[in-house]
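Biologist: Please walk me through this model. I want the ligand site and the chain interface.

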Amino acid sequence: MTEVSMTVNGRPVRADVPDNTLLADFLRENLELTGTHVGCDTAQCGACVVHVNGRAVKSCNIFALECEGAEVATIEGEAAPDGTLSAIQQAFQDHHGLQCGFCTPGMVMSAKALLAENPEPTEAEIRAYLKGNICRCTGYHNIVRAIMAASGQDVSNIAAE
Amino acid sequence: MSYHRPQDLASAYHLLAERAPRLLAGGTDVYASSEGPGRPDGAELLDITAIRALHGICPSPQGWRIGAATTWAEVAGADLPPALDALKQAAREIGSPQIQNRATVAGNLCNASPAADGVPPLLVLDAMVETGSLRRARMIPLRKFVTGPRTTALRTDEMVIAVHVPASAGKGASAFEKIGARRHMVISIAMAAARMVTRQGQITEAAISVGACSPVARRLTAFEKMLKGTAATRIADLRPHLEQELAECLSPIDDLRADAAYRAHVAGALVLRCLARAASGATSQPESEGEGP
Ligand SMILES: Cc1cc2nc3c(=O)[nH]c(=O)nc-3n(C[C@H](O)[C@H](O)[C@H](O)COP(=O)(O)OP(=O)(O)OC[C@H]3O[C@@H](n4cnc5c(N)ncnc54)[C@H](O)[C@@H]3O)c2cc1C
Ligand code: FES
Ligand code: FES
C-alpha cells in the first residue's frame, strides 16, 4: 500500500491504495465517484475519460499513483453544486446526444477538452477528436450536434437522427 | 507489484541497476501487453514521467532533442520546421487524443512493434537514440536501435533518455501516410514516410522509409539515390524502380489485418503519396535548404 494524494474536482483527497490501483478504480471504489464508467478496460472505448492536469486521459490506463499531486476532473465536477448542468451537458440533453448514457461521461469530458483547445470546431474536427470515444447507441450524429451547439454554433443545417 | 516514481535520473539509474524493473512512460503499451485487463504485471515498475530532465523538445545548433517522456501531443503541438512534418503527422495518428496525451515517442520506439507509427518518420530524420545507465551513456542510430519485432539494442540496466534529430535532417519537407482497416484508432497495415530537399525543382536529397511490411521498418536507400538529381515532378516515372526495391527489401506478412500482397501493393502507393506531398512542401519553400533548429 502506498499513500496517494491528489485534487479531484477541486477537493483534496488522500488514501492508502495498493500500488496497482487504476485511477478509474480509485475514483469509483475509493471516492465513490461512479460517473466515470469502465467499458473496455483496455484504452479503446473512452467511457472512462477524465482530465489529469487539464488533459483528457483514459483513467483505465493510468495508476492512481501516477496522479500523485495532480488535479483530476471527472464528470461529477461538471454540473454546478445546485445541479445546474454545464453548457456541454445541457446541449447533450437538448440535442438528444445520449441514449443509454454509458459513453456519455467520457464523451462530455472529451468534448470539454476539445472545446478548450478549439472553441469552434467543425463537424469533421469533432468527429476526428472523438475517435477514441465509442458510442453503441446514438450513431454519433446527435453527439456531434450537441458539441457544435455547446460551442455556440448554429446546428439547424445538420441533420438530426 | 511495486511502483517507483523517481524525481531524478540518478535515482532511476540506481533502481534500474539494482531491481531490473519494467519501465513505464505513458503506459499505453505496457497496460495493453499485460495479463488481465488493465493491470500491468511485472513485479516492479519504474515510472519515468516525474523526471523533469526527460520532458520537452529542445532545439539547439546540433538539432532537436526530444526528451524520453515527451508525449505525442507535445510533438503535434511543437513549433518545428516542415522537415519534421512527418513526425507531427504520425503524432496525430497514434490512437486517439487521450492516448496522444500520455503516449511517448521513446515508448513507441522501445516497444519496437513492426507497426510503430513513430519509426518511419524518425528513420527519414536520421534519428539517434540517447541511452543512459549508471555505467555508460550511448548514442545509437535508430536503424540500429530497433533490432527486431519487440527487441531493441537496450541492455537491462539502460533506458532511453532522449531521441535526437540532427540539424542536417532539418532541411526540406517531409510527409507521413498510414493505412489501417478504418480511418481512425487503428494499428497500421502499412505506413511510409518521406523527406525531400529540392533546389530549383530538382531533388538534392531524399529519404524514404516503409513500416509494417518487414520485421523492422526499412529505409529504401537504392531508390533514394536514384531520386537524387531527378525533377520533383517526374518521381512517378521511376515507379518500376520503387516496386523493385520494395520487392527486394520488404517481407510483408499475412495476418488478421491484411495479406502480404495487399501490404506490398499499398506500400508503393503510400511511398508515392508521401513523396508527392514532401515534394510540394519542399518546392514551395522560399529557400529549399529549410530552416535550422
Ligand atoms: C488504444 C491504443 C491505440 C494505439 N494506437 C497506436 C497507433 O495508432 N500507432 C502506434 O504506433 N501505436 C499505437 N498505440 C501504442 C502506443 O500508444 C505507442 O506505442 C506509444 O507511443 C507508447 O508510448 P508509452 O509512453 O505509452 O509507452 P509505455 O507503454 O510506457 O512503454 C512501452 C515500452 O517501452 C518501454 N519504455 C518506455 N519508455 C522507455 C524508456 N525511456 N527507456 C527504455 N524503455 C522504455 C516500456 O518498458 C515498454 O516496454 C496504441 C495504444 C493504445 C492503447
Ligand atoms: S474503459 Fe477506459 S477506454 Fe474503455
Ligand atoms: S449512449 Fe449508449 S453507448 Fe453512447
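This is a predicted model: local features need pLDDT of at least 70, side-chain atom pairs count only at pLDDT 80 or more; totals for chains, interfaces and linings use all residues.

Modeller: Residues are numbered from 1 along each chain as its sequence is written, chains are lettered from A and ligands numbered from 1 in the order in which they are written, and side-chain values use heavy atoms, without hydrogens and water.

Biologist: Between which chains does ligand 1 lie?
Modeller: Count a residue as near when one of its heavy atoms lies within 4 Å. By that rule 32 residues surround ligand 1, and Leu23(B), Gly26(B), Thr28(B), Asp29(B) and Thr104(B) are the closest. The ligand lies between chains A and B.

Biologist: Which element gives the largest share of the shell around ligand 1?
Modeller: Helices (H or I, at least four residues) and strands (E, at least two) are DSSP runs, numbered from the N terminus. In chain B, strand S2 (22-24), helix H5 (105-111) and strand S10 (159-166) each supply at least two shell residues. The largest share, 4 residues, comes from H5(B).

Biologist: How much area do chain B and chain A bury between them?
Modeller: Contact means heavy atoms within 4.5 Å, and 29 residues of chain B contact 24 of chain A. Buried area is the accessible area (1.4 Å probe) that two parts lose on being put together, summed over both. Carbon and sulfur atoms carry 55% of it. The total is about 2,200 Å².

Biologist: Which side chains meet in a salt bridge at 2.8 Å?
Modeller: A salt bridge is a side-chain nitrogen of Lys or Arg within 4 Å of a carboxyl oxygen of Asp or Glu. Across the interface of chain B and chain A, the rule finds 1. The partners are Glu66(A) and Arg102(B).

Biologist: How far apart in sequence are the parts that Glu130(B) and Arg65(B) tie together?
Modeller: Their side chains meet in a salt bridge (4.0 Å, N to O). Glu130(B) lies in strand S6 (residues 128-132) of chain B and Arg65(B) in strand S5 (residues 63-67) of chain B, so the pair links parts separated by 65 residues.
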